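Take a look at the sequence and the fold below. The report then moves from the surface and the whole chain to a few single residues.

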Amino acid sequence: MTDQTITSVSRESRIFKPSAEFKSQANLGSYEAYRRLYTESVNAPDKFWSKQAKEHLVWRKPFKKTLQWKAPHAKWFTGGKLNVSENCLDKHLGTARENKAAIIFEGEPGDVRTITYRQLHFHVCRLAHILENSGIKAGDRIAIYMPMIPEAMIAMLACARIGAVHTVIFGGFSAEAIKDRLNDCQAKLVITADGGWRRGKIVELKANVDKALYGAPSVQSVLVVKRTGNEVNMVEGRDTWWKEAWEGAPNKHTAKAFDSEHPLFILYTSGSTGKPKGVLHTSAGYLLGAKLSSHYIFDLKENDRYFCSADIGWITGHSYVVYGLLSNGSTVFLYEGAPNQPEPDRFWQMIDRHGITILYTAPTAIRAFMRWGDNYVTRHKLDSLRLLGSVGEPISPEAWRWYHKMIGKGRCPIVDTWWQTETGSIMIAPIPGAIPAKPGSATLPFFGIVPKIVDEKGKEVPRGTDGKMIITKPWPSMLRTLWGDDERFKKAYFGDYPGVYFTGDGAKQDKDGYFWISGRVDDVLNISGHRIGTAEVEAALATHPSVAEAAAVGRPDDLKGSALVVFVSLKTGIAADDALKEALRAHIGREIGSFAKPDAVRFAAGLPKTRSGKIMRRILKEIAAGREVKGDTSTLEDFSVITALQQED
Ligand code: PRX
């Protein structure tokens, strides 16, 4: 934990109650019903979760024990066996959903494809065979580095079907970042595409994989989807076109059942060191969390068409594009490209074109839409929408009101959903027919979740007081460990407050018990809803030959939430000029990915440090924000560094 002060800034006194019309059709239509279920879920969690698991999941072998909890390790539904892909696909066959659209896809160039549950099942079965024929066994790791196209979802489900552990790598990551992840999990196979469309240009995914593979010897084969048609280099004996592998692969596949705790996926995310953390999620508990939360929080109905704009390379894409939605038999709308391609009204066009009923997006996108101007919105009807969601960052009351009025036309409830890669599924959010919303607050906890706001010592603080948010009870979709680093798992999440999960977020609870999350209190930044570790950026800069030392901090930004500012002191004799600033930005782009390029590079003769040599990021944050340096500076080694920094730039 760091010494940053936490302040919740969001305020809006109006309370938005669900309309009678929404309530009457809702999956959970009253506050009393929520309270009753919530109370049951936390007073008798074993009974509650056992009932939900039996009701919501298809088991091949019933589980014996609901929870085995030896903090910080949880095992849920032990003794049970199931297949996650069967829960997302086979279950719907032979029902009215068989010929329902599972995926409606729109590519950035405008190509549209609809895939029914039956067709999706065929695709997944085929790929399952192909993977098995390439020698993949249950437990092997497969990396997926793909654009937002149906094949990405098929790849995830095929891994789940054969018990292979997928690690999806966001398409914005660089070759260097891919290599690190492949090596960390010792991936055997990579599924990728020639390229993907983004803002009218081709992102050359296969070329990035090729570069990464020079340093990732565990990878034996690569499967390549043809998407953009750009020329790619296919390495004989290693690389196969998806389409060629397809020929002759049977479209029926008998799925094996796996233990409840069989690993489902690893998803790398940023932490407070230079090395990303491989968050491990397992099968039954994760799926139950994703399914149950989707059902209640998105209030899913049979004829919904649901659009989540998150990339499947992030946890939101895993839980709320793939697993939570398909296990509920929903129709998922998948869009490949940028929201402003060709024009800033692409989302609104697609919502009208496809009759989208639920939109789940991030505040950073909402702020961009606000900036692009209302006239892009008002030329579309948007009358199919019935529910809106927000995820990834605190949503300011201003953005909330705009979203509510301009997109939801005052008619659609907004679910502001707080959760994390580590939590697997939504933890705090309004169940839309039951919990009145307060703009800027994620409201109340989901079933079984017990968040508390505590001080440094772990003592609960009074309502209305800022503190740090912990989760006191285990929940089914919680991360199980960090891949290959259980010690780091224990320390990062259960080290600050022994035995309880520390979220890394600051928050407060108001008099009604509503949670107001202010953001990270550790060294993790949230830039445009992307999680970036300051230490990762610093580690990347440290590998540049001109850099002596670097520190990365966030600065409040109207559009991105936080902007990334790096302070760099250079080696002796290196000229601090604009060309070097650009070179350093490009270097970070190569080491991590373009999305991590800093918004500002500031050169400094020295960085503010304590006498023990620790960089005082709190001070740099104030300087980056153009604020007066306040707070205790008595531990600072050399005050003149601050004056020099303030004069820079
Ligand atoms: O700081 C919180 C913020 O995003 C962090 C988790 O980031 P990540 O693991 O990348 O997952 C993002 C998508 C679930 C949290 O620690 N965060 C997420 N949702 C909200 C939020 N902050 C405020 N309000 C939210 N609704």
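## Surface and charge

The chain exposes about 24700 Å². Carbon and sulfur atoms supply 50% of that area. Accessible areas come from the Shrake-Rupley method with a 1.4 Å probe, and for residues only the protein chains shown count as cover.

The chain carries 86 positive and 73 negative side chains. Lys and Arg count as positive, Asp and Glu as negative; His and the chain ends are not counted. The centres of the two sets lie 5 Å apart, with each charge placed at NZ of Lys, CZ of Arg, CG of Asp or CD of Glu.

## How to read the model

This is a predicted model: local features need pLDDT of at least 70, side-chain atom pairs count only at pLDDT 80 or more, and totals for chains, interfaces and linings use all residues. Residues are numbered from 1 along each chain as its sequence is written, and side-chain values use heavy atoms, leaving out hydrogens and water.

## Overall build

The chain has 20 helices and 30 strands. These are DSSP runs numbered from the N terminus: helices are H or I with at least four residues, strands are E with at least two. Buried residues make up 62% of the 649 residues. Buried means under 20% relative accessible area, exposed over 50%, and partly exposed in between (1.4 Å probe, protein chains only).

## Two domains

Domain 1 covers 20-140 + 151-161 + 254-502, and domain 2 covers 519-647. The bounds come from an automatic or database domain assignment. The C-alpha centres of the two domains lie 33 Å apart. Their contact takes 20 residues from domain 1 and 19 residues from domain 2. Contact means heavy atoms within 4.5 Å.

## A residue inside a helix

Ile-351 sits in helix α12 (residues 346-354). Is Ile-351 buried or exposed? Its relative accessibility is 0%, so Ile-351 counts as buried. Leaving aside residues up to four places away in sequence, Ile-351 touches Ile-356, Leu-359, Leu-382, Ser-384 and Leu-385.

## Backbone details in loops

A cis peptide bond joins Ala-71 and Pro-72, with omega about 5°. Pro-72 lies in the loop between β1 (65-70) and β2 (73-78). Another cis peptide bond joins Gln-341 and Pro-342, with omega about 0°. Pro-342 is in the loop between β17 (331-335) and α12.

Asp-299 is not a glycine, yet its phi is positive, near 50°. Asp-299 is buried, with a relative accessible area of 1%. Ser-528 also has a positive phi, near 50°, but Ser-528 is partly exposed at 22%.
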